[in-house]
Amino acid sequence: MQPGAPPQFVLASASPRRRELLGALGLVFAVVPADLDEVAIGAGMVPERAALAVASAKAAAVAGQGATVLAADTVVVLDGQVLGKPASADEAAHMLEALRGRSHEVVTGLALRADAGTRDVVRRSTVRMRAYDRAEIDAYVATGAGLDKAGAYGIQDDEFRPVETIEGCWCNVMGLPLWTAVRALDEAGCRAPRRPDQAFVRCASCPLASEDVA
């Protein structure tokens, strides 16, 4: 956040990746993580509804902390099953083994609450993992880098480089469909000084660059 600048909105998330993405656009915001049982909120729902339900609950939990609240929840879906954040190193290794050499979906629910109205949006990306070996899994898990990430990996983890190809929004896999978030924030009066493609080269070719926010 810029020194002395009032926050434009509240980000209801503890994710450092979401803070990094939004901060790169020059947006000024307060971070107020929502303390929720995300697993219980999304239990029994299909992945898209679960991600949106959790995002909406996060936004509602910090309502009143600011005029505009942005929240998101990202899940990894393999064979119809949701892979959340691993509870242990063993679970992280198991997830990475299951994902190895295969394609899966990454679903993000985004919720924005503002005086001007609300936005509830779901975005999906298809990710194919490369055929990394067990030694690479063990080395990555040992760093602890995947323990706070759905599916136990980060697309931005350069040393591991788990992803082979992606169809859809790269930032969505990182945890926030950036073009979608920027357009929703803009409609709420929180204008970003820089567009996503001015902050990240990859965003210029993002399929969401020309989307309708609805």
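This is a predicted model: local features need pLDDT of at least 70, side-chain atom pairs count only at pLDDT 80 or more; totals for chains, interfaces and linings use all residues.
Does T74 count as buried or exposed, and at what relative accessibility?

1. T74 first. Its relative accessibility is 15%, so T74 counts as buried, the cut-off being under 20%. The residue sits in strand β3, which runs over residues 69–78. Its side chain has two polar partners to look at: the side chain of R18, at 3.2 Å, and the backbone oxygen of G175, at 3.3 Å. If you skip residues up to four places away in sequence, T74 touches R18, V106, V107, T108, A150, N172 and G175.

2. Now the overall shape. There are eight helices and seven strands in the chain. The radius of gyration is 17 Å, which agrees with the value near 17 Å that a compact globule of 214 residues would have. Along the principal axes, the C-alpha atoms fill a box of roughly 50 × 35 × 35 Å.

3. Burial and surface. Of the 214 residues, 47% count as buried. The chain exposes about 9900 Å², and carbon and sulfur atoms supply 50% of that area. As for contacts with a separation of 6 or more, 68% of them come from residues 24 or more positions apart.

4. The cores. The largest nonpolar core has 49 residues, and the ones with the most contacts inside it are F9, L22, L70, L96, Y153 and L178. Helix α7 (residues 178–187) gives the most to this core, with six residues. Apart from it there is another core, of ten residues, including V10, A12, A30 and A55.

5. L96 deserves a click in the viewer. Leaving aside neighbours within four places in sequence, L96 is in contact with Y132, I137, Y140, V141, G151, A152, Y153 and F160. Three of those names come back in the aromatic cluster of point 7, made up of Y132, Y140 and F160.

6. On to the rings. The structure holds three aromatic pairs. F9 and F29 are one of them: the ring centres are 5.2 Å apart and the planes make 20°, so the pair counts as stacked. This pair links distant parts of the chain, with F9 in strand β1 (residues 9–11) and F29 in strand β2 (residues 29–31), 20 residues apart. Both F9 and F29 are buried.

7. Y132 and F160 also pair up, but tilted, with 5.0 Å centre to centre and 50° between the planes. Here both partners are in loops: Y132 between β6 (117–129) and α5 (134–143), F160 between α5 and β7 (163–167), 28 residues apart. Y132 and F160 are both buried. Together with Y140, they form one aromatic cluster.

8. Last, helix α7. Why is α7 described as largely enclosed by the rest of the structure? Because seven of its ten residues are buried. Those residues are L178, W179, T180, A181, V182, A184 and L185. L178 is also on the list of residues with the most contacts inside the largest core. After the helix comes G189, whose phi is positive, near 90°.

Key
Residues are numbered from 1 along each chain as its sequence is written. Side-chain values use heavy atoms; hydrogens and water are left out. A nonpolar core is a set of buried Ala, Val, Leu, Ile, Met, Phe, Trp, Tyr and Cys residues joined through side-chain atoms within 4.5 Å. Buried means under 20% relative accessible area, exposed over 50%, partly exposed in between (1.4 Å probe, protein chains only). Helices (H or I, at least four residues) and strands (E, at least two) are DSSP runs, numbered from the N terminus. Contact means heavy atoms within 4.5 Å. A polar contact is a pair of N or O atoms within 3.5 Å; within protein, one must be able to donate a hydrogen and the other to accept it, and residues adjacent in sequence count only if both atoms are side-chain atoms. The radius of gyration is taken over C-alpha atoms; the globule rule is 2.2 Å times the number of residues to the power 0.38. Accessible areas come from the Shrake-Rupley method with a 1.4 Å probe; for residues, only the protein chains shown count as cover. Rings of Phe, Tyr and Trp (its six-membered ring) pair if their centres lie within 6.5 Å; planes under 30 degrees apart count as stacked, over 60 as edge-to-face and the rest as tilted.
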